[in-house]
Number of protein chains: 2
Amino acid sequence: MANQDKILMSHGSGGSMMSDLIESEFVNAYIDKDIYLGDDATVLDKIKLGDGEKIAMSTDSYVVQPLTFPGADIGRLAVCGTVNDISTSGAKPVALSIGFILEEGLEISVLKEICSSIAKSASEAGVKIVTGDTKVVEHGKCDGIYINTSGIGIVPSGINLSGQNIKPGDVVLISGTIGDHGITIMSCREGLNFSTNLKSDAAPLNSLVADVLKAAPDTRCFRDPTRGGVASALNEFAAQSNVDITINEVEVPLRREVKSACEMLGYDVFQVANEGKMIAIVPPDHADAALSAMRANKYGKESAIIGYVDEVSSSAPKVYVQTEFKTRRILDKLVGEQLPRIC
Amino acid sequence: MANQDKILMSHGSGGSMMSDLIESEFVNAYIDKDIYLGDDATVLDKIKLGDGEKIAMSTDSYVVQPLTFPGADIGRLAVCGTVNDISTSGAKPVALSIGFILEEGLEISVLKEICSSIAKSASEAGVKIVTGDTKVVEHGKCDGIYINTSGIGIVPSGINLSGQNIKPGDVVLISGTIGDHGITIMSCREGLNFSTNLKSDAAPLNSLVADVLKAAPDTRCFRDPTRGGVASALNEFAAQSNVDITINEVEVPLRREVKSACEMLGYDVFQVANEGKMIAIVPPDHADAALSAMRANKYGKESAIIGYVDEVSSSAPKVYVQTEFKTRRILDKLVGEQLPRIC
């Protein structure tokens with residue numbers, strides 16, 4: 001294809017073109033295949049802490065536009081995103097780094113606001129910011145502020161979570177309404193106004209993950225459905241464990257205004273980004289306990305059991321949606337680009 | 001001042017405006033003051049490994065232009081820079097993350113080359129790349145490729161290096177010629193051609209640091225003089241330990257072509273960036289052992305003892321250069337911007 005020799009916006013979408021780029025260029029060239037399992041955080045098995053604990057590490061860069069939006073800003077997003085990625089390994093996030101790329105001409109008052117938001121979010125998550133870096137590029141070579149947050153967490157002894165652990169019969173939970181972040185950014189950027197109440201869900205979910213793990217210690221894995229939404233997260237899970245996953249559409253928590261916006265714009269809400277939601281896959285006998293624990297957490301009041309895991313029924317693992325009309329459709333990863341730079 | 005409310009290129013120079021920004025915005029807002037000592041890597045004292053070892057963490061973003069230049073490229077720079085920062089704590093670097101921000105339209109062949117360079121440099125340094133992230137921004141919102149590398153290392157038991165440990169009487173060593181990287185980038189960017197032999201010194205210095213620590217276990221601290229050059233590194237040290245530092249200009253290893261370029265362009269070579277040099281401060285009775293160890297390393301053949309530490313002689317700690325003409329001048333941090341985006 002004509003454009004396959006150049007980077008396209010869709011290479012950053014969280015969908016299938018991004019997975020292909022990661023596999024063909026990065027994993028192939030330099031990723032340590034002994035420990036990289038395709039999860040959002042990598043557990044460093046060889047570094048042993050005192051009592052059987054391990055270190056988990058994760059990184060994310062943030063290029064969201066605009067820099068502030070209802071419910072959050074790039075600073076809160078940067079802290080919560082990496083806290084959540086680390087948490088998916090079952091680790092307690094302990095230390096973050098902040099790397100800024102700043103555009104010449106940026107108002108220092110804007111930077112100050114973002115720094116204050118970083119401080120508040122880190123304090124809420126109980127994670128320390130221990131090191132940083134600052135680069136400045138010429139006006140027009142960045143879009144105000146890009147932030148990288150990297151971090152480490154401590155995985156308690158005996159915890160071994162991965163998208164590779166899923167088994168037929170397992171149950172799929174989500175910690176609340178889907179699509180809020182993506183639709184907020186989109187409406188903000190396009191000047192649309194679906195609802196004065198709609199805001200980004202960006203939030204640190206480390207306490208929610210810890211609560212679920214305590215109530216349902218055999219939890220298979222967690223993933224926060226950010227870029228590419230629930231569709232990407234579940235398709236990654238299905239591929240990692242070679243299973244089918246079916247979602248019951250009517251069980252999925254969804255705000256009316258997000259549903260309307262998606263219908264109007266032709267978006268599949270399952271492909272819309274979230275920044276404060278967690279998917280958990282648990283064995284069936286742990287589902288109720290996991291759900292209760294999620295619902296008891298501040299950020300999980302609208303949690304629900306939304307689906308289940310099956311043996312693979314065709315030539316390749318697939319994710320299905322059982323629609324409200326009792327039909328079944330295949331839920332694919334996003335192929336092109338829905339809405340760039342949502343995180 | 002009129003411009004103090006906006007970000008300027010000099011906020012990224014590694015000089016005094018960058019230090020001021022770090023102190024006034026980042027350290028003030030969110031950096032954990034219990035463990036941040038102003039060094040290039042932060043040792044996480046509270047995470048105890050099995051046998052008294054500790055974790056060190058560092059981060060850096062790379063926005064160098066052009067992406068490839070004689071001797072190295074942004075990929076090698078990104079790996080070596082973070083490996084070297086981690087090494088300054090005395091840690092053995094073990095795991096790196098790679099976060100890409102890519103510009104729409106970038107040739108994938110360019111990305112492939114950079115990835116291959118990342119792989120080679122990581123392999124040379126003996127460090128694993130364990131996790132990553134990919135963002136794509138619109139054409140014109142980035143300059144081809146920006147990379148963040150973050151990483152962790154393991155600090156052996158009993159090692160406690162910091163710019164805060166320096167004492168009067170200590171000796172200053174450098175692992176080779178200064179200014180090579182900055183002058184290479186400058187000549188490359190401006191289309192000047194000082195010498196066909198001049199190239200960036202970008203190199204992983206973890207083995208050199210380990211060799212010095214073995215030979216001179218009481219070494220006070222290391223720092224790689226990148227942005228802001230030797231001037232920034234030594235001024236940071238002087239401030240951290242409240243001491244004066246004097247450099248003997250005639251002892252400083254310097255390529256003829258770098259010297260000429262600096263004279264022609266009016267640069268102070270002590271403020272020019274290096275990407276493969278390490279400064280070590282050691283007690284006087286360890287100086288010979290440290291020098292021999294440095295010289296025996298592949299990347300330290302031209303190492304030299306270049307100065308010494310004194311009690312503070314005026315109202316504030318200062319760095320002096322004893323010139324070849326036996327006069328003494330104050331060596332300040334870079335105030336404005338010499339050459340943007342050299343790393």
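Biologist: Which residues of helix 4 of chain B are buried?

Modeller: They are D180(B), H181(B), G182(B), I183(B), T184(B), I185(B), M186(B) and S187(B). Buried means under 20% relative accessible area, exposed means over 50%, and partly exposed lies in between (1.4 Å probe, protein chains only). Helices are DSSP runs of H or I with at least four residues, strands are runs of E with at least two, and both are numbered from the N terminus.

Biologist: What should I know about the model and its numbering?

Modeller: Residues are numbered from 1 along each chain as its sequence is written, with chains lettered from A and ligands numbered from 1 in the order in which they are written. The model is predicted, so local features need pLDDT of at least 70 and side-chain atom pairs need 80 or more, while totals for chains, interfaces and linings use all residues; side-chain values use heavy atoms, without hydrogens and water.

Biologist: Why is helix 4 of chain B called largely enclosed?

Modeller: Because 8 of its 11 residues (180–190) are buried, the rest of the structure largely encloses helix 4 of chain B. Its cover includes strand 3 (68–69), helix 2 (74–87) and helix 7 (256–265) of chain B. After helix 4 of chain B comes G191(B), with a positive phi near 70°.

Biologist: How do I read contacts around one residue?

Modeller: Contact means heavy atoms within 4.5 Å. Take V282(B), in strand 11 (residues 279–282) of chain B. V282(B) has 0% relative accessibility, so it counts as buried. Set aside neighbours within four places in sequence, and V282(B) touches D170(B), V171(B), L173(B), T219(B), R220(B), A287(B) and A290(B).

Biologist: Which salt bridge does R223(B) form with its closest N and O atoms 2.6 Å apart?

Modeller: The one with D39(B). R223(B) sits in strand 9 (residues 221–223) of chain B, and D39(B) in the loop between helix 1 (16–29) and strand 1 (42–48) of chain B, 184 residues away. R223(B) is buried at 2% relative accessible area, and D39(B) counts as buried at 13%. R223(B) also pairs with E236(B), with the closest N and O atoms 2.8 Å apart. E236(B) belongs to helix 6 (residues 229–241) of chain B, 13 residues from R223(B). E236(B) is partly exposed, with a relative accessible area of 25%.

Biologist: How many salt bridges are there over all chains, and how many cross the interface?

Modeller: The whole structure has 38. The interface of chain A and chain B has 14. One of them joins K135(A) to D60(B), with the closest N and O atoms 3.4 Å apart.

Biologist: How is the interface itself described?

Modeller: Count contacts, then area. 78 residues of chain A contact 78 residues of chain B. Buried area is the accessible area (1.4 Å probe) that two parts lose on being put together, summed over both. Here it is about 6,600 Å², with 64% from carbon and sulfur atoms.

Biologist: How many cavities of 30 Å³ or more are there?

Modeller: There are 4. On a 1 Å grid over the protein atoms alone, a cavity is a set of points where a 1.4 Å probe fits but cannot get out, and lining residues have an atom within 4 Å of a point. Points are joined across faces, edges and corners, and the volume is the space filled by probe spheres set on them.

Biologist: What lines the largest cavity?

Modeller: This cavity holds about 170 Å³. Its lining has 19 residues, with S13(A), R227(A), E337(A), L339(A) and I342(A) nearest the centre. By class, 9 are nonpolar, 6 polar and 4 charged. Ala, Val, Leu, Ile, Met, Phe, Trp, Tyr, Cys and Pro count as nonpolar, Asp, Glu, Lys and Arg as charged, and the others, Gly among them, as polar.

Biologist: And what lines the second largest cavity?

Modeller: About 100 Å³ of space lies there. Among its 16 lining residues, S13(B), G228(B), Q338(B), L339(B) and I342(B) are closest to the centre. The lining divides into 6 nonpolar, 7 polar and 3 charged residues.

Notes
On a 1 Å grid over the protein atoms alone, a cavity is a set of points where a 1.4 Å probe fits but cannot get out, and a pocket is an open set with protein on both sides within 12 Å along at least five of seven lines; lining residues have an atom within 4 Å of a point. A salt bridge is a side-chain nitrogen of Lys or Arg within 4 Å of a carboxyl oxygen of Asp or Glu.
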